[in-house]
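My plan was to write down what I looked up, entry by entry.

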Amino acid sequence: MLTLYSFGPGANSLKPQMALYERGIPFTLRVLDPKKFEHHEDWFKAINPRGQVPALDHDGQIVTESTVICEYLEDAFPEYPSLRPTDPFLRAEMRVWTKWVDEYFCWCVSTIGWERMIGPMARAYSDEEFEDYVARIPVPEQQTKWRNARKGFGAEVLAEEMRKVCVSVAKLEARLKDHDWLVGDQFTLADVCNFSIANGMQFGFAEQVNEKDTPGLIAWIKRVNDRPAVQKLFAEVPSEFGKRG
Ligand SMILES: N[C@@H](CCC(=O)N[C@@H](CS)C(=O)NCC(=O)O)C(=O)O
């Protein structure tokens, strides 16, 4: 039995969903509602004590961390088409890209996203309601992030995160301006993990990601969105934000 706990088709939640759809592995999807703080309820914290999605339940064994889940699926289901290059050097390059997403790219995009989306949502609660929700968050750093989002991250932090967004966009464009995929000539987990963060930036970060300044990145976002498995995923997985690509 394979169950994926996730939010909608975006960010870290999207990575394993895409890997499962692309590879055609049957699974059950359990979508949690972040607005109801379902991921901080006791039943979910019994699955992932960090109270974060995605989390994969494979016959009772729980795997967390979006990129680790994608790699686990490769190891646990080798009979399905692979999203990892067989060549050791290309596989290492793929992992450099996925590591970069987890350590750099996802954080700057996330902080700006939290400022824009989580901030207003957090301010809609009374102080009492908000502190009640925060008390249920198991990771202290996440409690701090929620509090910072509620009061606003501040101009200095936001400027630094936006600088990192620009560095990230330039890095992706440098590769994609003359390549179809991030590693070799094959769609890999490098594309899955980067796309999961980059998709939608043509709307949310239109000043940085647009036809004129980043034609390679724009074409790649479209190329990934046009893949049949990705089309199927966006058609089937409910999203409060609609189709983003
Ligand atoms: N490093 C983790 C990060 C997971 C993560 O940040 N998940 C977000 C959704 S994309 C989440 O659960 N956020 C809710 C919260 O932290 O309160 C991974 O890659 O899976």
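I am working with a predicted model, where local features need pLDDT of at least 70, side-chain atom pairs count only at pLDDT 80 or more, and totals for chains, interfaces and linings use all residues. Residues are numbered from 1 along each chain as its sequence is written.

**Entry: Asp 59**

I looked up Asp 59 and found it in the loop between E3 and strand E4 (61-64). Its phi is positive, about 50°, although Asp 59 is not a glycine. Is Asp 59 buried or exposed? I used these cut-offs: a residue is buried if 20 or more other C-beta atoms lie within 10 Å of its own, exposed if 12 or fewer, and partly exposed in between, with C-beta atoms placed from the backbone. Asp 59 is exposed, because 8 other C-beta atoms lie within 10 Å.

I placed Ala 11 in helix H1, and it counts as buried because it has 20 C-beta neighbours inside 10 Å.

The shell includes Ala 11, Asn 12, Ser 13, Val 53 and Pro 54. Helix H1 (residues 11-23) gives the largest share of this shell, three residues. For classes, I counted Ala, Val, Leu, Ile, Met, Phe, Trp, Tyr, Cys and Pro as nonpolar, Asp, Glu, Lys and Arg as charged, and the others, Gly among them, as polar. The shell then has four nonpolar, six polar and one charged residues.

I also looked at the backbone at Pro 54: the peptide bond from Val 53 to Pro 54 is cis, with omega near 0°. Pro 54 lies in the loop between helix H2 (42-45) and strand E3 (55-58).

**Entry: Leu 29**

I found Leu 29 in strand E2 (residues 28-31). Leu 29 is partly exposed, because 19 other C-beta atoms lie within 10 Å. Which residues does Leu 29 contact, leaving aside its neighbours within four places in sequence? Contact here means C-beta atoms, placed from the backbone, within 7 Å. By that test, Leu 29 is in contact with Leu 4, Ser 6 and Val 237. The C-alpha atoms of Leu 29 and Ser 6 are separated by 7.4 Å, although the two are 23 residues apart along the chain.

**Entry: the two domains**

I read the division as domain 1 (2-76) and domain 2 (88-227), with bounds from an automatic or database domain assignment. Their C-alpha centres lie 18 Å apart. I noted 15 residues of domain 1 in contact with 14 residues of domain 2. H1 gives the most to the side of domain 1 that touches domain 2, with six residues. By class, that side has seven nonpolar, five polar and three charged residues.

**Entry: whole chain**

Last, I wrote down that the chain has eleven helices and four strands. Of its 245 residues, 31% count as buried. The C-alpha atoms fill a box of roughly 55 × 45 × 30 Å, taken along the principal axes.

Note on methods:
Near = placed C-beta within 6 Å. Helix = DSSP H or I, 4+ residues; strand = E, 2+ residues; numbered from the N terminus. Contact = placed C-beta atoms within 7 Å.
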